Amino acid sequence: MPLKRIIVACGSGVATSNVAAEKLRNLLREQGHHNVDVRAVDIKSLEAEAKVADLLVSITPYAIRDKELPIPSINGIPLLTGVGTADVIKQIKDILKL
Amino acid sequence: MQAALDLIRSFLDYGPNVALPVIMFLLCLILGMRVGKAAGAGLMLGVAFTGIFVLFDFAFPVLGKAGQAMVQRIPGLRFQAYDLGWTVASVISWAWPYAFLMFPLQIAINIAMLALGWTKCLNVDMWNVWHKATLGAFVSALVGQSSPALALPLGFLVAAVWVVAELISADHTREQVYNLTRIPGIAVSHNMLLDIMWMAPVLDLIEKIPGLGKIKTSPADLRRRIGIFGENYVIGAILGLIFGLLAGYDLKGVATLIIQCAAVVTLFPLLAGLFARALAPVAEGAQEFMQKRFPGRSFYIGLDWPVLAGIDSLWVTGILIAPLILLFAIILPFNNTLPFGSIIAVSLVATVTVITQGDLVKSLLLSIIGIPVYLGAATYFAPYLTNLAVATGAIQVPEGYGMVTWLETNAAGMRLLVFTILDALNGNILPGLIALVVLVFCVWYYFPAMKRRENAAAQESGGISGNPLPYPEVASKAAKPAPTD
C-alpha cells in the first residue's frame, strides 16, 4: 500500500500543528497504521503543501480556503480538545481507505 | 545533601541543551511514560535546542552586521536589538531554571478556579506556558535590582496573575471567537488577548468615526491576491533586500543577505517545530490529568490562537501593516528594535481580529495604533531576554552586535504597564503610579465593554449554546433588541 500523507496546519507550523500531529501519529500507530506520514505545516504555505498531501486535518475547519484545496479536509479540533478523537480517526480511515 | 545539590548544580552548568533533555526525561517518567519514549522526548528536546543554537549562531551576526551598517550609514537610526521572532524567545525562556514549574502553577490555578466556579475555561494549551516563564524570569530580574528577596516570589505572583487573567479573558471573548470560527466548545486562552484591555476603549473611539461601517472590503479576495507574498521565505527575502539596501551593501552583499534572511525566517519555525514535538508528551499528559479531574462538568476548552488562523482579515492585516512596522521602527525615537522574525505580528493582528470581529478597516486602524506599543515592548524587554540568554547559557550572544528580542511580545501593552508598576520598587514611583491608574482604568472599562461585544457577537451567531444574549444585564444599552424568533 502506498504511503498516505496527512498534513496538519496551524498559524506558524510550530506549536499547535505539531501538538495535533504528534497526537494523530500516536493514535494511528496504536491502531497499527504505520503507513501514514503526518506532518505539521504553516498555514501560510497551505496551497503548496496540499500539492504533496492526501488529506488536510484542519484546526480552522470554518475557513473557505480549506474547501478550495485539491485534497479533502476534516475537522481536527478534537485532537486539541481531546473530545471526539475516535471520530477523527474513523473519518481519516474512511477517506484514506486504511 | 550538599553533595547532591552540588551534583545538580554542576549538572545544570553543562548548559540547557544537556540539562533540559534530562529534566524532560525525568518529567516524562513521572507522567508515567515508558522509558524508551521518555528518552526519545528528552533527546528530541536536545536536538531542537541544538538546532536553534546553530541557526542563532548563523542568524545573529548576519542581522547584527546589517543593522550596524544601517545605523552607521543613516543618521537617526538606533537599532541595538534584533527581533529574531517568538520561537527564539520561547527557547530562551525554557532555559530559565524555574520554567518547568510554570506547568504545575498553571494547572493548579486552573483547577482551583474551575472548582470555585470562577471560570468555565479548561486551558489545555500547555505550549504557551513559556509566556509565564518569561514573565517569571523578567519580573525576577526587574525586582531583583533593589529587592533580591522579593524577586522570585513576585516573579511567580505575576505569572499566577497572568494565568488567572488568561482564563478570565477566555471567558469574556468566547462568543466573539465563536462568531468568527463557529467552533463550539472552545475559547482562546492565549495571553495575547489580554491586550484587549487597552484596545477596548480605543476601538470604541475608532467606531465613533462616521462612515467607517460603510467601507466594504473583501479580505478573502485580498488574501488570494497576496498569495505567495504571505509565505515566510518570501517575506524574509523582501526584508533581506530592504536591509541590504539600507545598509549600503554592494550587489553581492545584497544578494547574499536576501538568501540568508529568507533561510533564517524559514528555518526557525522548522526547528522550533521539533521543540513542540518534544514537549507534546508533557502537554498531552497535563491535558489528560486536567480532563480526568473534571469529567462531565460543563466547561469549554481553552486553546492556542491558531484556531483563528483561517480568518482572512487576520493575515491581510498582518501583511499590510508589515511595512508600517518597519517604517515606525525607523522613525519612532523610543524604538531601537530592528523588526525581522515577527514582522508579521500575529499576536497583535490576531488580538485585533477578535475584538473587531474580522472587520478589515477597523483591524488596520487598531493595529496601526498597536505598532508603537509592540515596538516599545520589544525594545523594553530586549535587555531582559538577552540577559536571560547569557545568564542561562541558552544562547551565546556574540559581543558587539547588540541584543536579541522579539517583536511579538504577547499582550505587549499589559506587560509594559505591569513592569512599569513594579519598577516603582526600584524607586521609579511616578511612572509606576501613572501606569497603575491606566491599568485600573483598562480593567474597569474591560468588563462592561466585553459584555456588550459578547452580546453583539452572540446576536450575530445565535449564541454558542443557542442563547443570543449571554449578558442580559448590559442588554438595555444595546441599540438593537434581541430577535424574537
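Start in chain A and select its sheet: 4 strands form an open sheet in the order β2-β1-β3-β4, with parallel pairing. Strands here are DSSP runs of E, at least two residues long, and helices are runs of H or I, at least four; both are numbered from the N terminus. Two strands pair if DSSP finds at least two bridges between them.

This is a predicted model, where local features need pLDDT of at least 70, side-chain atom pairs count only at pLDDT 80 or more, and totals for chains, interfaces and linings use all residues. Residues are numbered from 1 along each chain as its sequence is written, while chains are lettered from A and ligands numbered from 1 in the order in which they are written.

**The sheet of chain A**

(Axes are lines fitted to C-alpha atoms, for helices over the stretch in contact; angles run from 0 to 180 degrees between N-to-C directions.)

Now pick β1 (residues 4-10) and β3 (residues 55-58) of chain A. They run parallel, joined by 4 bridges. Find Ile6(A): Leu55(A) in β3(A) stands opposite.

α1(A) lies across β1, β2 and β3 of chain A, and runs at about 175° to β2(A).

**The sheet of chain B**

Move to chain B. Its open sheet has 3 strands in the order β2-β4-β3, paired in parallel. Which strands stand at the edges? They are β2 (121-123) and β3 (186-188) of chain B, each with a single partner strand. Zoom in on β2(B) and β4(B), which run parallel with 3 bridges between them. Cys121(B) stands opposite Tyr300(B) in β4(B).

Select helix α15 (residues 360-392) of chain B. Just after α15(B), Gly393(B) has a positive phi of about 70°.

**Where the chains touch**

Finally, show both chains. In contact (C-beta atoms, placed from the backbone, within 7 Å) are 31 residues of chain B and 28 residues of chain A. On the chain B side, α12(B) gives the most, with 10 residues.

Methods:
Two residues are in contact if their C-beta atoms, placed from the backbone, lie within 7 Å.
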